[in-house]
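Reader: Please show me how to read a model like this one. Take one feature at a time.

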Amino acid sequence: MAIIKGDNDYADVDFLFLKRHLQLLDLELAPLNARISITRDPESAGLCDQAEYFIGQGFVAIQRYLITTKSVLGVNTADAFNTPPQLTSKVSFATAINAGANYWKHVEEWIEIINKTSHHNLTGQARKTLLQIEEITPWAEYTCSNLLAILLKGQSLNLSLLLPEIEEWRNNLFAYL
């Protein structure tokens with residue numbers, strides 16, 4: 001879909017769809033987060049796995065928005081993913097989201113290789129993704145949850161709290177044109 005920029009506003013239907021989608025995921029995450037905070041062993045209770053699932057799905061939805069937006073605007077992938085906001089000196093917000101989404105979608109494939117050898121034997125996009133994640137957080141159990149916690153800088157783990165950074169990225173991408 002097209003994005004139309006007015007003076008200081010955007011008509012961005014995909015962003016509205018993403019916003020609603022993240023809010024729906026947050027409806028699942030909110031009670032999980034509450035239970036995690038009061039449960040003696042949330043991991044054994046399966047709460048952490050459930051939260052990781054919804055967070056991973058959120059990263060995939062955001063990745064789709066990033067790809068759609070950069071494609072509609074005709075910006076190449078490298079430039080789009082290097083567009084601020086920056087998370088660290090080496091990793092932008094968009095790169096972190098993309099790495100989180102790729103991790104969520106492919107980690108089971110990578111685990112198969114890692115279990116047979118070592119993560120140093122991963123190549124291509126798998127290796128690149130893990131290196132990007134390791135710039136931000138160790139990849140281990142609950143990598144998506146850990147990544148979200150870092151992206152949110154201490155706020156509650158609600159995906160919709162990423163919307164201001166997503167908007168900032170889109171606005172910066174427009175300024176890039």
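Reader: How many positive and negative side chains does the protein chain have, and how far apart do the centres of the two sets lie?

Author: First, the counting rule: Lys and Arg are positive, Asp and Glu negative, while His and the chain ends are not counted. Each charge is placed at NZ of Lys, CZ of Arg, CG of Asp or CD of Glu. Here there are 14 positive and 20 negative side chains, with the centres of the two sets 3 Å apart.

Reader: What ground rules apply?

Author: This is a predicted model, where local features need pLDDT of at least 70, side-chain atom pairs count only at pLDDT 80 or more, and totals for chains, interfaces and linings use all residues. Residues are numbered from 1 along each chain as its sequence is written, and side-chain values use heavy atoms, leaving out hydrogens and water.

Reader: Which secondary structure elements does the protein chain have, and in what order do they run?

Author: Elements are DSSP runs numbered from the N terminus: helices are H or I of at least four residues, strands E of at least two. The protein chain has 7 helices and 2 strands. Their order from the N terminus is β-β-α-α-α-α-α-α-α.

Reader: How does the radius of gyration of the protein chain stand against a compact globule?

Author: The radius is taken over C-alpha atoms, and the globule rule is 2.2 Å times the number of residues to the power 0.38. For 177 residues a compact globule would come near 16 Å; the protein chain has 17 Å, which agrees. Along the principal axes, its C-alpha atoms fill a box of roughly 50 × 40 × 25 Å.

Reader: Is T129 buried or exposed?

Author: Buried means under 20% relative accessible area, exposed over 50%, and partly exposed lies in between (1.4 Å probe, protein chains only). T129 has 0%, so T129 is buried. T129 belongs to helix α5, residues 124-134. Across the protein chain, 45% of the 177 residues are buried.

Reader: Which residues does T129 touch?

Author: A contact means heavy atoms within 4.5 Å. Leaving aside residues up to four places away in sequence, T129 touches A99, N102, Y103 and W110. For the protein chain, 67% of the contacts with a separation of 6 or more join residues 24 or more positions apart.

Reader: How many disulfides does the structure hold?

Author: A disulfide is a pair of cysteine sulfur atoms within 2.5 Å. The structure holds 0. C48 is in none, and its nearest cysteine sulfur is that of C144, 13 Å away.
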